[in-house]
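Reader: I am new to reading protein models and would like to go through this one step by step. Please show me the sequence and structure before we start.

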Amino acid sequence: MGGTRLASAHRLSLLVLVCGSGTTGCHGEIESRRSHARTLGWLISKFEPADPQTIPLHLDDGRRVWLLDDGTKTVEIAGA
């Protein structure tokens with residue numbers, strides 16, 4: 001949430017559970033490489049003009065996932 005009072009910051013399409021703290025684990029990696037994390041969809045600015053549901057989250061296995069506000073996700077089918 002980053003300390004914002006914007007209600008839109010609570011959208012399910014913006015929430016990802018990651019390991020570690022702001023300096024360790026996946027969370028630490030995202031925080032220390034913010035530009036790269038944005039490229040991979042792991043970090044989305046609250047000022048992002050695009051709908052978060054349209055930004056793919058790139059997984060380590062090469063798949064892309066779109067998180068939706070209803071709590072579900074759409075997973076890219078390999079080769080499709």
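Reader: Is cysteine 26 buried, partly exposed or exposed?
Author: This is a predicted model, and the accessibility is computed from it. Buried means under 20% relative accessible area and exposed means over 50%. Cysteine 26 has a relative accessibility of 41%, so this residue counts as partly exposed.

Reader: How many disulfides does the structure hold?
Author: A disulfide is a covalent bond between the sulfur atoms of two cysteines. The pair counts as bonded if the sulfur atoms are within 2.5 Å. The sulfur of cysteine 19 is 3.4 Å from the closest cysteine sulfur, in cysteine 26, which is too far for a bond. Cysteine 26 is in no disulfide either, and the number of disulfides in the structure is 0.

Reader: What is the relative accessibility of cysteine 19?
Author: Cysteine 19 counts as partly exposed. Its value lies between the limits of 20% and 50%, because the relative accessibility of cysteine 19 is 42%.

Reader: Which helix gives the most to the lining of the second largest pocket?
Author: The second largest pocket has a volume of about 240 Å³. Its lining includes Cys26, Glu29, Ile30, Arg33, His36 and Ala37. Helix 1 (25-32) and helix 2 (34-39) each supply at least two lining residues. With 3 residues, the one that gives the most is helix 1.

Reader: How many residues of that lining are charged?
Author: Asp, Glu, Lys and Arg count as charged. Among the lining residues are Glu29, Arg33 and Asp60. The lining divides into 7 nonpolar and 2 polar residues, and the number of charged ones is 3.

Reader: Which residue does glutamate 29 meet in a salt bridge?
Author: Side chains of opposite charge can pair when their charged atoms come close. Glutamate 29 is partly exposed at 39% relative accessibility, and arginine 33 is partly exposed at 40%. The N to O distance in the salt bridge of glutamate 29 is 2.9 Å, and the partner is arginine 33.

Reader: What is the N to O distance between glutamate 31 and arginine 34?
Author: Glutamate 31 is partly exposed, with a relative accessible area of 32%. Arginine 34 is also partly exposed, at 33%. Their side chains meet in a salt bridge, with an N to O distance of 2.6 Å.

Reader: How many residues apart in sequence are arginine 64 and glutamate 76?
Author: The side chains of arginine 64 and glutamate 76 meet in a salt bridge (2.9 Å, N to O). Arginine 64 lies in strand 2 and glutamate 76 in the segment after strand 3, so the pair ties together parts whose separation in sequence is 12 residues.

Reader: Which residue of strand 3 stands opposite valine 65?
Author: Strand 2 (residues 64-67) runs antiparallel to strand 1 (residues 57-58), joined by 2 bridges, and valine 65 is the bridge partner of leucine 57. Strand 2 also runs antiparallel to strand 3 (residues 73-75), joined by 3 bridges. On that side, the residue opposite valine 65 is valine 75.

Reader: Which glycine takes a positive phi in the hairpin of strand 2 and strand 3?
Author: The hairpin of strand 1 and strand 2 has 5 residues between the strands, and there glycine 62 takes a positive phi near 95°. The hairpin of strand 2 and strand 3 has 5 residues between the strands too, and the positive phi, near 90°, belongs to glycine 71.

How values were computed. Residues numbered from 1 in each chain as written. Predicted model: local features only at pLDDT ≥ 70, side-chain atom pairs only at ≥ 80, totals over all residues. Heavy atoms only, no water. Pairing = 2+ DSSP bridges. Helix = DSSP H or I, 4+ residues; strand = E, 2+ residues; numbered from the N terminus. 1 Å grid on protein atoms, 1.4 Å probe; cavity = no way out; pocket = protein on both sides within 12 Å on 5 of 7 lines; lining within 4 Å. Points joined across faces, edges and corners; volume = space filled by probe spheres on them. Salt bridge = Lys/Arg side-chain N within 4 Å of Asp/Glu carboxyl O. Buried < 20%, exposed > 50% of the residue type's maximum accessible area, 1.4 Å probe, protein only.
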